[in-house]
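Subject: Handover of a structural model

Dear colleague,

Please find the structure below, followed by an account of what was found in it. I would be grateful if you would read the two side by side.

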Amino acid sequence: MDKTLFFSAITKFVLGLVCTALLLFVPAGTVHFPGGQLLMFLLFVPMFIAGLVLLAVNPALLRSRLQARETQPEQKAMVALSALMFLFGFIAAGLDFRFGWSAMPSPLPSCAAVLFLLAYALYAEVLRENTWLSRTVRVQDGQQLVDTGLYNLIRHPMYAATILLFLSMPLVLGSWVSFEIFLCYPVLIAVRIKNEEQVLETQLTGYADYKVRVKYRLIPYIW
């Protein structure tokens with residue numbers, strides 16, 4: 001086992017868990033926030049298991065996923081805006097629970113939890129199909145084009161999965177206010193994709209032809 005990679009991963013995991021808990025439960029004024037508790041479970045239990053699996057079977061992919069520093073100004077801006085979305089979205093959900101702003105049908109958070117798990121399974125499948133995935137927009141040494149499986153349907157299945165994940169989060173939390181904030185995420189992803197495809201088309205062999213074969217970015221027959 002790569003001990004340095006293990007401690008890096010566990011440190012980021014714990015920091016993420018603590019920060020998310022503070023953003024949800026402090027504004028809520030209590031830890032007895034059912035939506036917050038459910039989301040914490042949905043987020044961090046699968047994340048912990050996935051991290052252990054990657055550490056054991058594909059440490060290079062785990063290391064790549066932990067490298068989250070963008071170098072391009074456009075992508076730095078997208079990362080900053082995404083961070084603000086999570087910040088305000090989670091705080092709004094906590095305040096929403098405290099003050100009772102939203103009236104959400106009771107089955108909806110449970111349905112959203114199922115959607116979250118399905119989206120997480122889709123995300124895991126993308127990681128299985130494409131071991132070159134990175135959290136930053138870049139072409140790695142020796143990277144090859146992946147055009148099979150989900151990549152034969154749409155060009156960016158990982159982003160499709162994250163849209164489902166992130167739009168289901170505020171519904172799990174039971175907050176329409178938070179949901180409205182998270183609606184900016186698909187817009188951010190659309191901008192990120194435009195810049196990313198410029199990089200891939202110029203630096204990844206075969207990507208220009210791939211764009212011709214697979215026409216849709218995120219949603220088959222739509223976009």
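Helices (H or I, at least four residues) and strands (E, at least two) are taken here as DSSP runs, numbered from the N terminus. On that basis the protein chain has nine helices and zero strands, and its pattern along the sequence reads α-α-α-α-α-α-α-α-α.

Please note that this is a predicted model, in which local features need pLDDT of at least 70 and side-chain atom pairs count only at pLDDT 80 or more, while totals for chains, interfaces and linings use all residues. Residues are numbered from 1 along each chain as its sequence is written, and side-chain values use heavy atoms, with hydrogens and water left out.

A residue is called buried under 20% relative accessible area, exposed over 50%, and partly exposed in between (1.4 Å probe, protein chains only). A contact means heavy atoms within 4.5 Å. Of the 223 residues in the protein chain, 43% are buried. Among the contacts with a separation of 6 or more, 77% are between residues 24 or more positions apart.

Helix pairs

Two packed helices are described by the angle between their axes and the distance between the axes. The axes are lines fitted to C-alpha atoms, for helices over the stretch in contact, and the angles run from 0 to 180 degrees between N-to-C directions. Angles under 35 degrees count as roughly parallel, over 145 as roughly antiparallel, 65 to 115 as roughly perpendicular and the rest as oblique. For the make-up of each contact, Ala, Val, Leu, Ile, Met, Phe, Trp, Tyr, Cys and Pro count as nonpolar, Asp, Glu, Lys and Arg as charged, and the others, Gly among them, as polar.

Helix α1 (residues 3–28) and helix α2 (residues 34–57) have axes that come within 11 Å and cross at roughly 175°. This makes α1 roughly antiparallel to α2. On the α1 side, the residues include L5, F6, I10 and F13, which meet a set in α2 that includes G36, Q37, L39 and M40. The contact of α1 with α2 comprises 15 nonpolar, four polar and no charged residues.

Helix α4 (residues 73–99) packs against helix α8 (residues 184–203) at an angle of about 165°, the axes being 10 Å apart. The two are therefore roughly antiparallel. α4 passes α8 in a left-handed crossing; a crossing is left-handed if the near helix is turned anticlockwise from the far one by less than a right angle, and right-handed if clockwise. The contact is made by E74, Q75, M78, V79, L81, S82 and M85 of α4 together with C184, Y185, L188, V191, R192, N195 and E196 of α8. By class, the contact of α4 with α8 has eight nonpolar, three polar and three charged residues.

Helix α6 (residues 157–172) also packs against α8, with an angle of about 165° and axes 10 Å apart. α6 is thus roughly antiparallel to α8. The crossing of α6 and α8 is right-handed. Its contact residues are Y159, T162, I163, F166 and L167 of α6 and Y185, P186, I189, R192, I193 and E196 of α8. These divide into eight nonpolar, one polar and two charged residues.

A112 and S168

A112 is found in helix α5 (residues 107–129), and S168 in helix α6. A112 is buried, with a relative accessible area of 3%; S168 is likewise buried, at 1% relative accessibility. The C-alpha atoms of S168 and A112 are separated by 5.2 Å, although the residues are 56 apart along the chain. Leaving aside neighbours within four places in sequence, A112 is in contact with S168, L171 and V172, and S168 is in contact with A112, L115 and F116.

Cysteines

A disulfide is counted as a pair of cysteine sulfur atoms within 2.5 Å, and the structure holds zero disulfides. C19 is partly exposed at 44% relative accessibility, and C184 is partly exposed at 32%.

Y221

Y221 is found in the segment after α9 (207–213) and is exposed, with a relative accessible area of 73%. Most residues other than glycine have a negative phi. Y221 has a positive phi of about 70° although it is not a glycine.

With kind regards
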